[in-house]
Amino acid sequence: MCDLLNRIWSRPRGEWTRVVRNELPGLAEKVVAELQRGFPALAALLGDTPVEEAEWALEQALLTVLGYQKESESKRPAVSSVVTPMPVARARQDLFEVLAGQREAPDDGLDELARAAGWPVPETLQAVVLATPAEAPQLAAALGHALIGTVDGYTCLFVPDPATQTRARLEAALKGRPAAVGHVVPATDTASSLRWARYLLTLAPGRVGPETRPAFVDDHLSALLLLQDESLADALTSRWLGPLEELTPRQSERLEVTLLAWLEGGGAPEAAKLLHVHPQTVRYRLRQIEKLFGPVLRDPRTRFELEMALRSRRLMAHVRSYRARAGRRARVVASSIRPLGVAREARVNGL
């Protein structure tokens, strides 16, 4: 709920009503799921009541409490859509948690749980992690009736039979919202696709706009491999880039980009094209680099590890810069939140 309020108050005042109505369905879904999990007696009390009915009732109660509608307006309209019975919803939640690695698989395997959930587990799956829960059910329907769940506050989808969900289809469905798409894995390794998609989403800017595109793990495999352990990445850079530490930051940066361009291009002319400088400038810098590193530059394994170290340093600098910016944005939002006075509360409820 605090996260929801932060998102509301971080937007212009005129958008608060729209944000509340977009976000509340996802919040209600999570609250009902947690209540069912934490209080078995509640699940038994609801019996065969469709889970959507419970979620809708909670959503209306929150809208009433927040002052966005009167209690008399919360009557449920007649609907003709088919709803999911409570036992099926519970089975789907359990199935998601097993696939996500949040709980152990049943002793008799997933077949019985999959039948109860009405969601046959395919041979391969692909995880999609969303930055916001809005419209998750519609996305799940568009992506082959994907299995929905939450992990550490993220709304996640398990997309069945990824071969039928082309990249173009995924991009079209996810366009305009920050999301990350995991790599295709066997159903027994779904947690891996989910883990790397979540990690990639933490590295990608969280901008929202009509041109926002999802990030694909397949496009960042080498970067994710280098970033999977920050301590090892730091150890790698310390081991191989030590000779640059005695230089000024400007000198070090210039020689780093030259060395990386040379390793990527294979020669001074190719490096000069990458850096948009004269080949003679590259040769001069390479002589400086050879004085610093010595004959080890002639060893293929050393050149490989040097390239890894240079790439790791640049990736880590990018990640730390992004985290610092995200931290500053969070502090700005938090500092702008003040307890509501009577007049302030009246203005909010009057939206």
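I began at F158, which is buried at 0% relative accessibility (buried is under 20% relative accessible area, exposed over 50%, partly exposed in between, with a 1.4 Å probe and protein chains only). The model is predicted, so I took local features at pLDDT of at least 70 and side-chain atom pairs at 80 or more, with totals for chains, interfaces and linings using all residues. Residues are numbered from 1 along each chain as its sequence is written, and side-chain values use heavy atoms, without hydrogens and water.

Next, the aromatic pairs. I counted two (ring centres within 6.5 Å, the six-membered ring for Trp; planes under 30 degrees apart are stacked, over 60 edge-to-face, the rest tilted). F96 and F158 are stacked, with centres 4.8 Å apart and planes at 25°. F96 sits in helix α5 (residues 86-99) and F158 in strand β3 (residues 154-160), 62 residues apart. F96 is also buried, at 0%.

I then looked up W196 and Y199. This pair is edge-to-face, with centres 6.0 Å apart and planes at 70°. Both residues lie in helix α9 (residues 190-203), three residues apart, about one turn of the helix.

Last, the helix packing. I found α12 (residues 249-265) against α13 (residues 268-275) at about 120°, with axes 8 Å apart. The two are oblique to each other (under 35 degrees is roughly parallel, over 145 roughly antiparallel, 65 to 115 roughly perpendicular, the rest oblique). In the contact (heavy atoms within 4.5 Å) I noted V257, T258, A261, W262, E264 and G265 of α12, and A268, E270, A271, L274 and L275 of α13.

Note on methods: Axes fitted to C-alpha atoms, helices over the stretch in contact; angles between N-to-C directions. Helix = DSSP H or I, 4+ residues; strand = E, 2+ residues; numbered from the N terminus.
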